[in-house]
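Please open the model in your viewer and keep the sequence beside it, so that each selection can be followed in both. The tour moves along the chain in a few stops.

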Amino acid sequence: MPEKISEDLFNNLVETIADSVSKQKSVSFFEEEKSNSVVSGFNRLFGRQRPVHHILGGGKSADVLLWRNKKISASFLASATLIWVLFEWLNYHFLTLLSFALVLGMVAQFVWSNASGLLNRSSSQVPRLVLPDELFVSIGRSVGAEVNRGLQYLQDVSCQGNLKQFLVVLLRPIHYQFCMRGMMSK
């Protein structure tokens with residue numbers, strides 16, 4: 001009798017397992033584990049909870065950094081490389097490049113306006129660039145405030161009677177010129 005009960009229990013257990021396995025989709029154990037690990041690894045790469053796009057702030061800047069828009073990303077990389085080559089390899093300065101750009105703009109505008117008369121076309125009306133007066137007023141106030149602060153510092157140094165600080169302020173420009181002459185002669 002105990003053999004009959006254990007055999008019935010075993011058969012019942014096997015039938016229950018067979019029924020539950022047939023109800024599930026037919027995927028092997030290893031494929032299911034691999035697909036879950038890939039998904040979880042993709043969502044939690046390096047232990048992060050949010051996608052990289054959201055971490056980078058989303059929007060256009062994240063798209064450029066993640067190369068989602070390849071044309072914009074490539075143009076950004078090319079322009080950064082060009083700027084690096086101009087400044088590092090060719091030893092240009094910003095003011096030099098700005099001057100070249102302005103001169104090229106003037107030449108292009110001059111040629112365009114004179115060539116339009118030769119080709120019997122109307123000259124194009126280029127809009128005038130007018131900077132607001134408030135911009136220059138605010139720049140003037142800022143520069144004036146800095147100059148006044150510098151003059152106040154120099155007056156404080158000369159009137160306080162501290163000989164050490166006075167000599168440091170007095171000899172600093174002379175030391176700077178001496179160092180610059182040494183660099184120029186090399």
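The stops below say what to select next and what is there, in a model that is predicted.

Next, select helix α6, residues 94-118, whose 25 residues reach 36 Å from the first C-alpha to the last, close to the 36 Å expected at 1.5 Å a residue. Just after α6, pick out Asn120, which takes a positive phi of about 55 degrees.

Now move on to helix α7, which covers residues 133-160 and holds Phe136. With a relative accessible area of 48%, Phe136 is partly exposed, and Phe136 also belongs to a nonpolar patch on the surface. To see that patch, select Leu129, Leu131, Leu135, Phe136, Ile139, Val143, Val147, Leu151, Tyr153 and Leu154, which together have about 980 Å² of accessible area.

How many salt bridges does the structure hold? There is one, and selecting Arg149 and Glu146 will show it, with the closest N and O atoms 3.1 Å apart. Side chains of opposite charge can pair when their charged atoms come close. Arg149 and Glu146 are three residues apart in helix α7, which means that about one helical turn separates them.

Definitions and conventions:
Residues numbered from 1 in each chain as written. Predicted model: local features only at pLDDT ≥ 70, side-chain atom pairs only at ≥ 80, totals over all residues. Heavy atoms only, no water. Patch = residues over 30% accessible without salt bridge, like charges linked within 9 Å, V, L, I, M, F, W, Y side chains within 5 Å. Areas by Shrake-Rupley, 256 points an atom, 1.4 Å probe, with all protein chains shown as cover. Salt bridge = Lys/Arg side-chain N within 4 Å of Asp/Glu carboxyl O. Helix = DSSP H or I, 4+ residues; strand = E, 2+ residues; numbered from the N terminus. Buried < 20%, exposed > 50% of the residue type's maximum accessible area, 1.4 Å probe, protein only. Expected span 1.5 Å × (residues − 1).
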